[in-house]
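Here's a quick walk through some ring contacts and helix packing. Have the structure open and follow along.

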Amino acid sequence: MIQSKAIKKQYPPGDFAIWIVIYIELITFGLFFIGYAFSRRLNVDMFNNSQLLLDKNSGFIDTLLLLTSSYFIVKAIQNIKDKTLTIKKANEIASKWLFSAIGFGSIFLINKLLEFSNLFEHGITLSTNTFFMFYLLLTMFHFMHVCLGIVILIAIFKQTKLYSYTSNECSGLETGASYWHLIDLLWIVLFSLVYIIR
């Protein structure tokens, strides 16, 4: 019975409040995605022609960066929960994984800024057409979420430097990880919808 309660307490990982945030974000982005799909149906040729102006290689690199950073965060949690490691050692290893995740997330932001800059240099703005209105709104909205995610990861990183997490108490780490995985998931859908699907 005690064991059953202990297992139940681990799910969902992190603070319950973050899952409310995650559900709200999923609904918000979901409405954007539905709006994009509906608008695309009304003018498929314009959407397809505009899509050709996007840099798919850059979008693919962004996808790899976020997927890799998510992997690093998973490794950080695995190390914290590894009961064969001392608390100090587990936090030290986790901090290195988190530092790498922050680095990859930062490179994602730089790459997106370069992509935005290239579009603006070619005179593309929100008012260019419906496709670019959705593209810029969705990617910039997601960009802000990545910025917030990196701030959260930095806060978690600092906690690992204080050896704050243990195998039994790492709720803060799991909360930040859950938010970062949300960002990752949203980008995969966004990348597929805006860059790939025709």
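## Starting at a buried tyrosine

Let's begin with Tyr-36, which is buried, at a relative accessible area of 1%. Bear in mind that this is a predicted model. Phe-47 is buried too, with a relative accessible area of 1%.

## On to Phe-131

Phe-47 has another ring partner: with Phe-131 it makes an edge-to-face pair, 5.6 Å centre to centre and 85° between the planes. Here the reach along the chain is 84 residues, because Phe-47 lies in helix α3 and Phe-131 in helix α6. Is Phe-131 buried or exposed? Its relative accessibility is 0%, and anything under 20% counts as buried, so Phe-131 is buried.

Now zoom out a bit. Searching the whole structure turns up 22 aromatic pairs. Ring pairs join Tyr-36, Phe-47 and Phe-131 into a cluster that also includes Phe-108, Phe-132, Phe-134, Tyr-135, Trp-187, Phe-191 and Tyr-195.

There's a ring contact of another kind to look at as well. Lys-112 places its charged end over the ring of Phe-116, 5.3 Å from the ring centre.

## How α6 and α7 pack

Next, the helices themselves. Two packed helices are described by the angle between their axes and the distance between the axes. For helix α6 (residues 130-161) and helix α7 (residues 171-196), the axes come within 10 Å and cross at roughly 160°. Angles over 145 degrees count as roughly antiparallel, so α6 is roughly antiparallel to α7.

What's the handedness of the crossing of α6 and α7? It is left-handed. Sorted by class, the contact of α6 with α7 has 18 nonpolar residues, 6 polar ones and no charged ones.

## A glycine in α5

One last stop: Gly-105, which you'll find in helix α5 (residues 87-121). Gly-105 is buried, with a relative accessible area of 0%. Where does Gly-149 sit relative to Gly-105? The two glycines are 44 residues apart in sequence, and their C-alpha atoms are 8.6 Å apart in space.

Definitions and conventions. Residues numbered from 1 in each chain as written. Predicted model: local features only at pLDDT ≥ 70, side-chain atom pairs only at ≥ 80, totals over all residues. Heavy atoms only, no water. Axes fitted to C-alpha atoms, helices over the stretch in contact; angles between N-to-C directions. Helix = DSSP H or I, 4+ residues; strand = E, 2+ residues; numbered from the N terminus. Parallel < 35°, antiparallel > 145°, perpendicular 65-115°, else oblique. Left-handed = near helix turned anticlockwise from the far one by under 90°. Nonpolar A, V, L, I, M, F, W, Y, C, P; charged D, E, K, R; others polar. Phe/Tyr/Trp six-rings, centres within 6.5 Å; stacked < 30°, edge-to-face > 60°. Buried < 20%, exposed > 50% of the residue type's maximum accessible area, 1.4 Å probe, protein only. Lys NZ or Arg CZ within 6 Å of the ring centre and 35° of its normal.
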